[in-house]
Amino acid sequence: MTGRDGKLAVVVLISGNGSNLQALINAARHDAPFFIRGVVSNRRNAAGLKRATDADIPTRVIEHTQFADRAAFDKAMAREIDSFAPGLVVLAGFMRILTSDFVNHYAGRMINIHPSLLPAFQGLHTHRRALEAGVDEHGASVHFVTDELDGGPVIAQVRVAVQAGDSESVLAERVLQREHELLPQVVNWFAEGTLQLHGDAVWLHGSPIAAPVQC
Ligand code: GRF
């Protein structure tokens, strides 16, 4: 669970660009209480793999297309993840739905970053849907992962104003910039031991939070 000077070992799961992974890599360089022990991708061509390699972080690719079903893929994933003995698993743009067995195996030690103010806009195309719904405010959330897709207890959020004339990509980019602050913050809390999941309740600094922390 821990390594290098008692720091928390983190494994990051990605499927794509990995800009949130990059934010964690950058944060870990600056005297953070965690380090990234491994990066796992379900896509061989995920650009984030190069970000990891450039930072001397070991990578593994487990292609979901090579498995007969979700359960077999998740088993293979868990085997690779566990070989890194992480204290925390971070889903950072990992685009696969996970089985209950997998989720339960990492209960209380797996978080996900989702580009909406949960519980609003669970699932895909969050920016487009936020624009279509005409909301004034959009953002991103980090939550503990449970069986319910994008439905686990929310830890913290960043909020951005939707501006007149925003396109999907402009809004997505504005949210993404804030994600890069949010995710390292939450990983820091977990690594310091100040963030825990007790039952369904998120505890921060020794007491349950009544609502997601606004960062
Ligand atoms: C982010 O918007 C994240 O919230 C979502 O997928 C995107 C991943 O972006 N889950 P990146 O790969 O970290 O650049």
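Reader: In which loop does D31 lie?

Author: Some conventions come first: this is a predicted model, in which local features need pLDDT of at least 70, side-chain atom pairs count only at pLDDT 80 or more, and totals for chains, interfaces and linings use all residues. Residues are numbered from 1 along each chain as its sequence is written, and side-chain values use heavy atoms, with hydrogens and water left out. Helices (H or I, at least four residues) and strands (E, at least two) are DSSP runs numbered from the N terminus. D31, which has a positive phi of about 55° although it is not a glycine, lies in the loop between α1 and β3 (34–41).

Reader: Which peptide bond is cis?

Author: The proline concerned, P119, is found in the loop between β6 (110–114) and α5. With omega near 10°, the cis bond is the one from L118 to P119.

Reader: Is α5 roughly parallel or roughly perpendicular to α6?

Author: Axes are lines fitted to C-alpha atoms, for helices over the stretch in contact, and angles run from 0 to 180 degrees between N-to-C directions. The axes of α5 (residues 126–133) and α6 (residues 168–192) come within 9 Å and cross at roughly 115°. Angles under 35 degrees count as roughly parallel, over 145 as roughly antiparallel, 65 to 115 as roughly perpendicular and the rest as oblique. Therefore α5 is, relative to α6, roughly perpendicular.

Reader: Which residues in α1 meet α6?

Author: Helix α1 (residues 19–29) packs on α6 at an angle of about 50°, with the axes 9 Å apart, which means that α1 is oblique to α6. Contact means heavy atoms within 4.5 Å. On the α6 side, the residues are L176, E179, H180, L183, P184 and V187; on the α1 side, they are S19, N20, A23, L24 and A27.

Reader: Which residues surround the ligand?

Author: A residue is counted here if one of its heavy atoms lies within 4 Å of the molecule. By that rule, the ligand is surrounded by N17, G18, S19, N20, G93, I113, H114, P115, L176 and E179.

Reader: How many Å separate a polar side-chain atom of S19 from an oxygen atom of the ligand?

Author: A nitrogen atom of the ligand is 2.9 Å from a polar backbone atom of I113. A polar side-chain atom of E179 lies 2.7 Å from an oxygen atom of the ligand. For S19, the distance from a polar side-chain atom to a ligand oxygen atom is 2.5 Å.

How values were computed: A polar contact is a pair of N or O atoms within 3.5 Å; within protein, one must be able to donate a hydrogen and the other to accept it, and residues adjacent in sequence count only if both atoms are side-chain atoms.
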